[in-house]
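Thanks for making time this morning.

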Amino acid sequence: MTSETATGTGRATAAPPAHRDPNVLRWLGAYTASLLGDSVYFLALAWAAARVTGPAQVGVVLALGAVPRAVLMLGGGVIADRLGPRRVVITADAVRAGVVLAVALALGLASPGVWLLAAVALVFGVVDAVFMPAVGALPPRITTRDQLVRVQGLRTLATRLAVVVGPFVGGAAMSLGGPAAAFAAAGLVFALSLVLLLNLRVAASPPAHPADVSEAAAPSTPSTPSTPSTSPASSTSPASSTSPASPASSTSPASPASPASPASPASPASPASPASPASPASPWHDLAEGLRYVKRHRMLLALITVAWLVELGFSGPLNIGLVLLVEDRGWGPGGMGLIISSFGAGAGASALALALGGRIPRAVPLSGWFLLLGSLAVGALGTTSALPLAAAAAAVAGLAAGFTGAVFAALLQTSTDPAYLGRVTATTTLLTVGVVPLSYPLTGALAPHVGLPAVFLGYACVCALAAALVPACATLRGASLPPRN
């Protein structure tokens, strides 16, 4: 099937694949620049805090941003749905660029105390709470639905690039001019992202697909496939990471105010969409409606649950667990770098294949097998004493995480009513990025008592549970991705 877009003459023309679409590439450049700015900013903030306070206070300053991000994330989803994701993302990048450049100027002229850094961390936490749901809701408005898996593959590649390049840029700026130069570099990168976003063409609303209503309404079975959906993030990120599929293409746009959508048709299996969030309801009402929408939508509920388990199963071992493992095995910083690079290479390889490849038959059910493979890799990572085997296991885990993250993210976006996409993205991001890190202290507390192999095997069981839920849930078992040109 060929994706189509409307031209000024009223005729439909084939839309280019996402990796050759100038509009998608502008978005990709803006998104990559934003991630690089985040990476440089956090490095500059940590370094500046270390210079004006002690090690304990550095952790406090960095943690301050996490509090408003978690508390306000669902509200950020409401704002994205009310105002539109493009407006929200542009405003967020403008605020970040302005704040960071102001801090760079302040550090260049004087030596402000820790209060300034704490205030900056709080502001960034608030901005992130609005930015993250909006950026997740943007891809369906910049390309056709059949290209969303490619877009998510490109997004994963951007994340991996930022992880590698960001610390290098921040370190280089720090060596030249200290924290002030690093903050200035972050501000300039945010400004570049802003310029690209201002030139981005965004549809008022993702297209509706009336032909898919019956598929989204009925419980999915092998003979009655259901509408696909997506996940975050984060990749094992932001979002996890860990962040699906898309039904057939259509050229009939759907207004965000319209309750009708393929994701939530009026039928016994999928209750009718609630009143349009464009009505003069209060933000609290919109927030409650978004949560009720997720609760009633069986595919989204199953998908978000699986995405949360995936993020939990991969993030724990690759964050706090890996630090403990490297120290226990005596592999040193070089060993840690090798394992992290191997995971990134695996995730990047799967993301590149999704971004450039053709149609993937039964990609959603296939993700269950990838998760099973990833669970075996996580278990092997924690039980082997050989560094080369650990690096190979990390590469396999990255391959599984990259594939499932992109597929689930596209599925989430295409099975969600456009009027609720910001709130659904916020809910998923809160569970993966906000809640999953709470498991890290538990990992550190359990490791001395049960041993690191048992901890990693526990995380492997979480991944295996996520893998088992994909075929066990009828709505996920029958989901499929649309053909891609």
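Predicted model: local features only at pLDDT ≥ 70, side-chain atom pairs only at ≥ 80, totals over all residues.

Let me begin with Asp-38 and Arg-96, whose side chains meet in a salt bridge at 2.9 Å, N to O, a salt bridge being a side-chain nitrogen of Lys or Arg within 4 Å of a carboxyl oxygen of Asp or Glu. Asp-38 lies in helix α1 (residues 22-52) and Arg-96 in helix α4 (residues 85-109), so the pair ties together parts that are 58 residues apart in sequence; helices here are DSSP runs of H or I with at least four residues, numbered from the N terminus.

Residues are numbered from 1 along each chain as its sequence is written, and side-chain values use heavy atoms, with hydrogens and water left out.

Arg-96 also forms a salt bridge with Asp-128, the closest N and O atoms being 3.4 Å apart. That pair links distant parts of the chain, with Asp-128 in helix α5 (residues 114-137) and Arg-96 in helix α4, 32 residues apart. Salt bridges that share partners join Asp-38, Arg-69, Asp-93, Arg-96 and Asp-128 into one network.

Is Arg-96 buried or exposed? At 0% relative accessibility, Arg-96 counts as buried, where buried means under 20% relative accessible area, exposed over 50%, and partly exposed in between, with a 1.4 Å probe and protein chains only.

Finally, the structure holds zero disulfides, a disulfide being a pair of cysteine sulfur atoms within 2.5 Å; the sulfur of Cys-463 is 9.4 Å from the closest cysteine sulfur, in Cys-461, which is too far for a bond.

Notes:
Helix = DSSP H or I, 4+ residues; strand = E, 2+ residues; numbered from the N terminus.
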